[in-house]
Amino acid sequence: MTKKLITDSSEWSFPLLERFDREIANLAHNVYGLDTYANQVEVISSEQMIDAYSSVGLPIYYHHWSFGKQFVSTEQTYRRGQMGLAYEIVINSDPCIAYLMEENSLPMQALVIAHACYGHNSFFKGNYLFRTWTSADAIIDYLVFARKYIAQCEERYGHEEVELLLDSCHALMNHGVDRYKRPAPLTMAEEQRRQREREDYLQYQINDLWRTLPLHGGAAEEQAERRWPEEPQENLLYFIEKNAPLLEPWQREVVRIVRKIGQYFYPQRQTQVMNEGWATYWHYTLLNHLYDDGHVTDGFMMEFLQSHTGVVFQPPFDVPYYSGINPYALGFAMMRDIRRICEEPTDEDRYWFPDIAGGDWKKVLDFAMRNFKDESFIAQFLSPTLMREFRLFSICDDDREEHMQVTAIHEEQGYRALRQSLAEQYNLGSREPNIQVFSVDRRGDRSMTLRHFTHNRRPLGDSVEEMLRHIRRLWGFAVRLETVDDQGRVQLIGEA
Amino acid sequence: MSHFIDRRLNGRNKSAVNRQRFLKRYKTQLKRAVADAVDNRSITDIDSGEKVGIPSRDITEPVFHHGKGGVRDMVHPGNKEFMRGDKIRRPEGGSGEGSGQGKAGKGGAGEDDFVFELSREEFLDLLFDDLELPNLVRNQLIGTTEFKTVRAGYATQGAPNNIDVVRSLKGAIARRTALGAPSRSRIRELEEEIEGLLASGVAEDDIQVRERREEIDRLKTRIAALPFIDTFDLRFQSFVKDPQPTSKAVMLCIMDVSGSMDQVRKNLAKRFFILLYLFLQRNYDKIEVVFIRHHTIAQEVDEQEFFYSRETGGTVVSSALNLAYEVVKERYDSSVWNIYAAQASDGDNWDSDSGVCRDIMIQQLMPLMRYFAYVEITPRQHQSLWYAYQEVMAAHPHFAMQEIGGAEDIFPVFRELFKRQEA
């Protein structure tokens, strides 16, 4: 490495950005072995950043009033100075698109390049959830398609119609993801079956009588008694897209678009701590390496460290501005802690992490990045050292008890419970209500029954009525919501 | 491997469409907010944008989420004194909401308004939504006395100052090329022949060569004689007159400044006039405002004096109406100008004058007007002027009158006066 200062200016310019990018890329690829997509770095103004914000960071998106709402509120808080804009937005695509704000100084731009273009980028490329659920090379094309398609629908069927449909779909977006299975590539047999299905469908269209003729005798009864769908369905949007009786083809396609985009964001919601922790760890490591090599000045490092410490600050629970555990702080601390366990393990670490203590930290980190999500990552790698450092404690809030109870603190007896409890906190399955399509009355009034399976007796919030109206709009017939408690007792809680 | 792209010059308003959709969707709430805003603040700065709020519960997007209750485990950082098994009183309010996700707080919290700023245009659009200038249609159909000159391509004839040089010279080049072409190809032929002759051993001063050389010279002279530019080449920029609907308006503000009109009432009147002015501004390119104030005699004054100078004395409304009629006759031809008038008064008038007013209105003023709005600012019983004007209203449908009790009435009254009429 050359002992050479890149610049002592804090103003950025395109040649300087490219220079920094070259240095950082060199370190990331050759020294630390990060595997990334190609980068496309776009320099934008703060107004454009607000634009990007309001469409959940996507460079192209269809039009909807809720993005407008997001836009005015972001613009408002930004203007009043209540909120700084995030320094960066990065999009999981190939090439990976990252935005730099023109107002930022050179150290900030370098931080963002390291954070987004090498940290997040390598996470997107490596983590199993992103690999399984998203296709980075196709997302931009799909968004272009979605935007065009929805614009066409608006022209043909009117803004209002499309807007109402999108409202309902957005409401169900979180319930439009496949959690466990990814559609397998089609086999020949499957392909033929689908072909037959389409033919049958056409046949139905022609011979409407076939469907209305009653079946004879036992066969009919058997048919009537069997519940449908046979298995409860957790992907409400998919179920509606495929089975809602009254949706027009274009409406099905719109439901599908919202569902696909929801699916695209699903891994992000599951890997906040890891993703941010990983990116933060790498900007920290990469920029420190630049400093050690003499590429940047002390002033540069001071500015970088100031914003870095701001990002990873974890306020304790009893300050007014505390709002939960900061995923940057927790993620960053865990990544560093893993390296520490590898490089300087204590006896405690050897006992808790026998297979990684004293190992090669780059390999262990890479393994962790690739194969975990927040929940399992914490369950696997949160060390007693960190629990002590964060002074974590777990509280059980049971509405049958008069008081809340501290169930575990950072002590020998508490470590496992604490870790379990924290991991559970990041389990999307328990964070979001578990609602499934239970049955559809196919032969009667075509009503759909949803079931909410409670966990720890937690009830649904007050949006039930409104949500049922949205579902009804999509389904077209009556919709009932039942709740099933831990003992399996069923209770009707809403109907629309 | 990385690509840097400067997008700063790209469009900034990518979200403009979404913003418009949002405004459209919440138009009812916004209109209410805008009306409140007009009532609550000084009308003089109404011309700028406005901060409006709509209740956030109206605009939340619902999702299924967990409500309060049940058993919940939470992990928090920063333990100072808790030991395992400690019992803690449940905190008041929503500190239990912060289980690491943003969504949970959304449904329960926040009766607060969702506040944001409207641009001036958006604000005025909402403010005057559903309002309509009476008789605007008639005006647009027949008021085509104004013309606008617009470009209409090129013509072969025109005034010298409209010559389009580039276009004309292009034509000249084309003409010269076309007319010179036969000569030039003949020259090429002759040159080839000469070359052939010379190659076959014919001497330079042979008659065959000389003849050809002379012909080439003749042809070259002919090419050179082609005029560089010809009248035939000239092209003129053509303009045609496009009839435009009249879009000039004059607004007559007539106000009683007698002793009984105090500053409070004048301010009310002022608000009304400003609303009218803003409203006209949206419909006409050019607006002139004439301020006429009166007590026993009427005067045309400037804005400052109109609103703020103090006068005393009795009231003769007809003086103002006469002056208004004169001003219109003299300066504003009603076939070109759209004439609007608004009169504000506390209703006081010299008793025997009201009949005079009625006659002036019905016979002279009203036929010239697009619309005449009379507002009476009084908490008291109506006096003779009101009843006289009621007769005017019966005779002319484009006369309207309303009563204003206080500041909160102004906007509703304004809306009432300019309400879109069902056809």
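Predicted model: local features only at pLDDT ≥ 70, side-chain atom pairs only at ≥ 80, totals over all residues.

Biologist: Which residues is A:I356 in contact with?

Modeller: Setting aside neighbours within four places in sequence, A:I356 contacts A:I341, A:C342 and A:V364. As for A:E343, which is 13 residues away along the chain, its C-alpha is 9.7 Å from that of A:I356.

Biologist: Let's jump to A:I97. What element is A:I97 in?

Modeller: Strand β3 of chain A, residues 96-101. A:I97 is buried as well, with 25 other C-beta atoms within 10 Å.

Biologist: And what does A:I97 touch?

Modeller: Not counting residues up to four places away in sequence, A:I97 touches A:Q40, A:E42, A:P59 and A:I91. By contrast, A:A333 is 236 residues apart from A:I97 along the chain, and their C-alpha atoms are separated by 27 Å.

Biologist: Speaking of phi, which value does A:N456 have?

Modeller: A:N456 has a positive phi of about 55°, although it is not a glycine. A:R457 has a positive phi too, near 60°, and is also a residue other than glycine.

Biologist: Where do I look for A:N456?

Modeller: A:N456 is in the loop between β7 (448-453) and α22 (464-475) of chain A. A:R457 is found in the loop between β7 and α22 as well.

Biologist: Why does A:N456 count as partly exposed?

Modeller: Because A:N456 has 16 C-beta neighbours inside 10 Å, and partly exposed lies between the cut-offs of 12 or fewer for exposed and 20 or more for buried. A:R457 is partly exposed too, with 14 other C-beta atoms within 10 Å.

Biologist: What does UniProt put on residues 433-486 of chain A?

Modeller: The unreviewed UniProt entry annotates residues 433-486 of chain A as "domain: SpoVR-like C-terminal". In the model, that span is 22% helix and 35% strand, and its end C-alpha atoms lie 14 Å apart.

Biologist: How is chain A divided into domains?

Modeller: The assignment gives domain 1 (14-127 + 271-306), domain 2 (312-429) and domain 3 (433-495). The centres of domain 2 and domain 3 of chain A are 36 Å apart, taken over C-alpha atoms.

Biologist: And chain A overall?

Modeller: Chain A comes to 22 helices and nine strands, and 41% of its 496 residues count as buried.

Biologist: Switching to chain B. How many helices and strands there?

Modeller: Chain B has 14 helices and 13 strands, with 30% of its 423 residues counted as buried. Its domains are domain 1 (15-60 + 113-129), domain 2 (160-238) and domain 3 (245-417). Over C-alpha atoms, 79 Å separate the centres of domain 2 and domain 3 of chain B.

Biologist: What about α7 of chain B, how far does it reach?

Modeller: Helix α7 (residues 165-199) of chain B has 35 residues and reaches 48 Å from its first C-alpha to its last, close to the 51 Å expected. There is a kink of about 45° at B:A181, shortly before the proline B:P182. Just after α7(B), B:G201 takes a positive phi of about 95°.

Biologist: Last topic: how many residues of chain B are in contact with chain A?

Modeller: 56 residues of chain B, and they contact 79 residues of chain A. Among the elements of chain B that each supply at least two residues to that side are β1 (3-6), α1 (16-25) and β5 (113-118). The side of chain B that touches chain A divides into 19 nonpolar, 20 polar and 17 charged residues.

Note on methods
Residues numbered from 1 in each chain as written. Chains lettered and ligands numbered in written order. Helix = DSSP H or I, 4+ residues; strand = E, 2+ residues; numbered from the N terminus. Contact = placed C-beta atoms within 7 Å. UniProt positions renumbered as here; feature names shortened; annotations may be inferred. Domains from an automatic or database assignment. Expected span 1.5 Å × (residues − 1). Bend = angle between axes of the 7 residues up to and from the residue. Nonpolar A, V, L, I, M, F, W, Y, C, P; charged D, E, K, R; others polar.
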